[in-house]
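Dear colleague,

Please find below the structure I said I would pass on, followed by my notes on it. I would be glad if you read the two side by side.

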Amino acid sequence: MDYKKSKAPHSTITRDMSVLDQKVGNVYESVAIISKRANAIASDLKKELDAKLQDFSIPQDSVDEVFENKEQIEISRSYELMPKPTLIATQEFLEDQLVYRDGSAKDKALS
């Protein structure tokens with residue numbers, strides 16, 4: 001998924017807990033679902049950023065000099081300006097884009 005095109009807000013906003021409660025029936029389960037998705041998004045973003053920055057790495061035995069590369073800084077800055085993983089996960093949850101399973105045999109789909 002392209003997280004750069006997410007409709008998530010870039011800053012933290014106050015959420016109505018009753019809206020989160022309605023989808024699952026328990027606000028704590030909702031927060032747990034959002035938390036697990038946020039961890040997955042953060043992991044994906046970290047892998048993607050590491051892969052892009054790997055192109056700029058210079059194999060050195062010592063770190064005597066720090067090379068500043070404008071392209072590398074631009075890539076890092078673009079990732080810093082993206083919405084945080086928790087905000088993206090919350091937006092996906094509210095837009096019914098997440099599929100989750102509970103401990104019972106019955107699967108629940110929010111899509």
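**Notes on the model**

Aspartate 96 counts as partly exposed, at 33% relative accessibility, where partly exposed is the range between buried (under 20% relative accessible area) and exposed (over 50%), taken with a 1.4 Å probe and protein chains only. The side chain of aspartate 96 meets that of lysine 23 in a salt bridge, at 2.8 Å from N to O, a salt bridge being a side-chain nitrogen of Lys or Arg within 4 Å of a carboxyl oxygen of Asp or Glu. Lysine 23 belongs to helix 1 and aspartate 96 to the loop between helix 4 and strand 1, so that the pair, 73 residues apart, links distant parts of the chain. Lysine 23 is itself partly exposed, with a relative accessible area of 25%.

Before going further, please note that this is a predicted model, in which local features need pLDDT of at least 70 and side-chain atom pairs count only at pLDDT 80 or more, while totals for chains, interfaces and linings use all residues. Residues are numbered from 1 along each chain as its sequence is written, and side-chain values use heavy atoms, with hydrogens and water left out.

The protein chain has 4 helices and 2 strands, arranged along the sequence as α-α-α-α-β-β; helices (H or I, at least four residues) and strands (E, at least two) are DSSP runs, numbered from the N terminus. Of its 111 residues, 23% are buried.

At the start of helix 2, a side-chain oxygen of asparagine 26 comes to within 3.0 Å of the backbone nitrogen of tyrosine 28. The buried residues of helix 2 are Val27, Ser30, Ile33, Ile34, Ala38, Ile41 and Leu45, and their cover includes helix 1, helix 3 (70-81), helix 4 and strand 1 (99-101). Serine 30, at a relative accessible area of 0%, is in contact (heavy atoms within 4.5 Å) with Leu20, Asp21, Val24 and Phe93, leaving aside neighbours within four places in sequence.

The largest nonpolar core has 18 residues, and those with the most contacts inside it are Tyr3, Ile33, Ile41, Leu45 and Phe93; such a core is a set of buried Ala, Val, Leu, Ile, Met, Phe, Trp, Tyr and Cys residues joined through side-chain atoms within 4.5 Å. Helix 1 (17-24), helix 2 (27-54) and helix 4 (85-94) each give two or more residues to this core, and the largest share, 6 residues, comes from helix 2. Leucine 45 touches Tyr3, Tyr79, Met82 and Pro85, not counting residues up to four places away in sequence.

A search of the whole structure finds 4 salt bridges. Besides the pair described above, arginine 37 and glutamate 92 meet through their side chains at 2.7 Å, N to O; arginine 37 lies in helix 2 and glutamate 92 in helix 4, so this pair ties together parts that are 55 residues apart in sequence. Glutamate 92 counts as buried, at 4% relative accessibility. Another salt bridge, at 3.9 Å from N to O, joins the side chains of glutamate 48 and lysine 52, which both lie in helix 2, 4 residues apart, about one turn of the helix.

With best regards

How values were computed
A polar contact is a pair of N or O atoms within 3.5 Å; within protein, one must be able to donate a hydrogen and the other to accept it, and residues adjacent in sequence count only if both atoms are side-chain atoms.
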